[in-house]
Amino acid sequence: MTLIETLASVKPGSALAEAMERRAEILRLSEAAHDAVLLPRDPGGLSHGLRAALAARMARQNNNEALARHYDSLLTRAGEPLVATLVDPGTTVEDLRVAEIVRHVDRLTLAPREATRAHIHALRDVGVTDADIVRLSELAAFVSYQVRVIAGLGLIGGKQ
């Protein structure tokens with residue numbers, strides 16, 4: 001079973017499981033995207049731990065504790081205790097660069113329509129590269145995708 005199927009509690013042998021089998025390629029691609037976004041060979045200026053912490057934070061902001069726990073486990077494996085505090089949406093960050101990254105990810109998670117070019121400039125002003133800005137956007141988009149797919153499958157699965 002893939003992460004999405006597991007977190008959506010897709011029951012083996014159910015009608016939903018059979019439907020998911022027909023979409024196996026989408027699930028495979030989702031798993032590949034997970035690894036590419038969270039565990040890339042070259043993480044650039046966003047370490048694997050920072051990515052996991054931000055993803056856990058986004059999952060919690062979307063009330064998906066099971067997905068957040070998955071990202072907590074990636075954070076633990078990354079062994080970066082300094083970023084571990086970021087998983088709590090109530091955390092205040094003192095490092096200017098990380099604080100701006102957190103603000104940006106929070107905005108993309110909670111109010112994406114409010115993101116403006118000025119916010120991109122704010123990231124650049126604290127030393128976030130254009131490549132890392134793209135990486136942040138990919139991370140936010142992927143976690144948002146996961147949250148919505150898991151929620152949708154959970155609703156469909158509840159009708160079985």
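Reader: How are two packed helices described, and at what angle do α6 and α7 pack?

Author: Two packed helices are described by the angle between their axes and the distance between the axes. In this predicted model, local features need pLDDT of at least 70 and side-chain atom pairs count only at pLDDT 80 or more, while totals for chains, interfaces and linings use all residues. Residues are numbered from 1 along each chain as its sequence is written, and side-chain values use heavy atoms, with hydrogens and water left out. Helices and strands are DSSP runs numbered from the N terminus (H or I of at least four residues for helices, E of at least two for strands). Axes are lines fitted to C-alpha atoms, for helices over the stretch in contact, and angles run from 0 to 180 degrees between N-to-C directions. Here α6 and α7 pack at about 155°, and their axes are 9 Å apart. That makes α6 roughly antiparallel to α7 (angles under 35 degrees count as roughly parallel, over 145 as roughly antiparallel, 65 to 115 as roughly perpendicular and the rest as oblique).

Reader: What is the handedness of the crossing of α6 and α7, and which residues make the contact?

Author: A crossing is left-handed if the near helix is turned anticlockwise from the far one by less than a right angle, and right-handed if clockwise. α6 passes α7 in a left-handed crossing. From α6 the contact uses Glu100, Ile101, His104 and Arg107, and from α7 it uses His119, Ile120, Ala122 and Leu123; contact means heavy atoms within 4.5 Å. By class, this contact has four nonpolar, two polar and two charged residues. The classes are nonpolar for Ala, Val, Leu, Ile, Met, Phe, Trp, Tyr, Cys and Pro, charged for Asp, Glu, Lys and Arg, and polar for the others, Gly among them.

Reader: How do α7 and α8 cross?

Author: The axes of α7 (residues 117-125) and α8 (residues 130-157) come within 10 Å and cross at roughly 125°. α7 and α8 are therefore oblique to each other, and α7 passes α8 in a right-handed crossing. Ile120, Leu123 and Arg124 of α7 meet Asp130, Ile133 and Leu136 of α8. The residues of this contact divide into four nonpolar, no polar and two charged.

Reader: Now the charged pairs. How many salt bridges does the structure hold?

Author: Side chains of opposite charge can pair when their charged atoms come close. A salt bridge is a side-chain nitrogen of Lys or Arg within 4 Å of a carboxyl oxygen of Asp or Glu. The structure holds eight salt bridges. One of them joins Arg28 and Glu25, with the closest N and O atoms 2.6 Å apart. Arg28 and Glu25 are three residues apart in helix α3 (residues 24-38), so about one helical turn separates them. Arg28, at 46% relative accessibility, counts as partly exposed, as does Glu25 at 44%; buried means under 20% relative accessible area, exposed over 50%, and partly exposed in between (1.4 Å probe, protein chains only).

Reader: Which parts of the chain does the salt bridge of Arg97 with Asp132 tie together?

Author: In this salt bridge the closest N and O atoms are 3.9 Å apart. Arg97 lies in helix α6 (residues 96-110) and Asp132 in helix α8, so the pair ties together parts 35 residues apart in sequence. Arg97 is partly exposed at 23% relative accessibility, whereas Asp132 is buried at 4%. Elsewhere, salt bridges that share partners join Arg60, Glu65 and Asp72 into one network.

Reader: Is Arg51 buried or exposed, and what does it touch?

Author: Arg51, in helix α4, is buried, with a relative accessible area of 3%. Not counting residues up to four places away in sequence, Arg51 touches Ala36, Val37, Leu38, Pro40, Pro43, Leu46, Arg135 and Leu139.

Reader: And where does Gln146 lie?

Author: Gln146 lies in helix α8 and is buried, at 1% relative accessible area. Leaving aside neighbours within four places in sequence, Gln146 is in contact with Leu3, His34, Leu67 and Tyr71.

Reader: Which residues other than glycine have a positive phi?

Author: Ser9 is one of them, with phi near 55°. Ser9 lies in the loop between α1 (3-7) and α2 (15-22) and counts as exposed at 51% relative accessibility. Asn63 also has a positive phi, of about 60°. Asn63 is found in the loop between α4 and α5 and is exposed, at 73% relative accessibility.
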